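Trainee: I have not looked at this one before. Can we go through it together?

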Amino acid sequence: MKISGTGSVLPRKVVTNEMLSQFLDTSDQWITTRTGVKSRRVISDEKLEDMAIEASLKALADAGMNADELDFIICSNVVNEYVTPQLSCIIQGGIGATCPCIDINCACAGFIHALEIAESFYKAGRVGNVLVVCAEEPTRMTDWNDRRTCVLFGDGAGAAVLTPGDNIRSIKLSASSATDKLWQYRLLHHTPYITKEEVDVPLQMKGQDVFKFAVKAASRDIARTLKETGVTADEVDHFMLHQANIRIINAIQEYLEQPSDKFPVNIEDHGNSSSSCCPILLDECNRSGRLKRGDLIAMSAFGAGFVSGAVLFEW
Ligand code: ACO
């Protein structure tokens, strides 16, 4: 397939590090030097599904396509207000599409997993045009009294329209179960028969373990896509990495021995918006004119599970 259109939407509310330090034992200096985040966009009066619909409509407009031309919609989401129906079905109705749709939850690596599904369906001859939309509100997962987690995240929605083509050169996915490193429990409704102890626990993270996994997995996944295609890192024009921590991005950049101007970033004023990071960054690069037709892009993301993935594609 090829990516023919992109779109993104951020919540209006800007929350700066200074605002956080008014109620948390933290500082702009700590957050900036340890993470690279200066401010993030946080959902207040918006609904996530409305942001996802708007991002999708922008991507369709960018691709010059109507929603009724879509054959499939894949929505990547970890959490939203609905348990059911699936977010993709709400988006389908909101944009006026009639095609089938699915939700996936692959944490922050959702965009790359969705591209793999779209590409596989396309190669099997089952779809032509696919909408991938990532919509995430990780700020609703963290405890806002926990300075170790809540400072990292922001919300947002990013979308891409895929059409027939052969621009996707390679995709590599990985999973390595580590459920004690990054997890959250939610409380389900009680029944008269539940005898086990159940608790409601906000997002828990062993930050340094996640950091090490992220650098290793992203470096390995990108290297695998390069090896499979015979492309060298020097030949890649842009490395678009999951925006979790600027120090993780810098470590991957060092491993790849590539100049920093090949690594577009928006973490400073977006924070980590889970699977939305990659399509939002792609959309911002697209709309700013940073991408030229034929450019080679290596994209990589990692997240809870652990799961990770990288894709090498031509713009
Ligand atoms: N402000 C001030 N101090 C803080 C803060 C904060 N916001 N957060 C932690 N600290 C303190 C800790 O309490 C600790 O203090 P102590 O030594 O007195 O115990 C000290 O800072 C150092 O803490 P570390 O956890 O060792 O700090 P580290 O340098 O590892 O940075 C961080 C923490 C930023 C979380 C880093 O480990 C990281 O980015 N890890 C990866 C996280 C990530 O990518 N998560 C997203 C995964 S994607 C997904 O699926 C959601």
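Mentor: One term to begin with: a salt bridge is a side-chain nitrogen of Lys or Arg within 4 Å of a carboxyl oxygen of Asp or Glu. The count between domain 1 and domain 2 is 0 salt bridges. This is a predicted model, where local features need pLDDT of at least 70, side-chain atom pairs count only at pLDDT 80 or more, and totals for chains, interfaces and linings use all residues. Residues are numbered from 1 along each chain as its sequence is written, and side-chain values use heavy atoms, with hydrogens and water left out.

Trainee: Into which domains is the protein divided?

Mentor: Domain 1 covers 2–165 and domain 2 covers 170–314; the bounds come from an automatic or database domain assignment. Their C-alpha centres lie 14 Å apart.

Trainee: How many residues of each are in contact?

Mentor: 47 residues of domain 1 are in contact with 40 residues of domain 2, contact being heavy atoms within 4.5 Å.

Trainee: What area is buried between domain 1 and domain 2?

Mentor: About 3500 Å², with 63% of it from carbon and sulfur atoms. Buried area is the accessible area (1.4 Å probe) that two parts lose on being put together, summed over both. On the domain 1 side, Cys108, Ile112 and Met141 supply 19% of the area buried against domain 2, more than any other three residues.

Trainee: How many residue pairs are in polar contact there?

Mentor: The rule finds 21 across the interface, both residues at pLDDT 80 or more. A polar contact is a pair of N or O atoms within 3.5 Å; within protein, one must be able to donate a hydrogen and the other to accept it, and residues adjacent in sequence count only if both atoms are side-chain atoms.

Trainee: New topic. Which residues come nearest to the ligand?

Mentor: Of the 26 residues around the ligand, these are Thr26, Arg34, Cys108, Gln208 and Asn245; a residue counts as near if one of its heavy atoms lies within 4 Å. Gln208 has a side-chain N or O atom 2.6 Å from an oxygen atom of the ligand. For Asn245, a side-chain N or O atom is also 2.6 Å from a ligand oxygen.

Trainee: Where are the cis peptide bonds?

Mentor: One joins Thr84 and Pro85, with omega about 10°. Another runs from Gly305 to Phe306, with omega near 0°. Most peptide bonds are trans.
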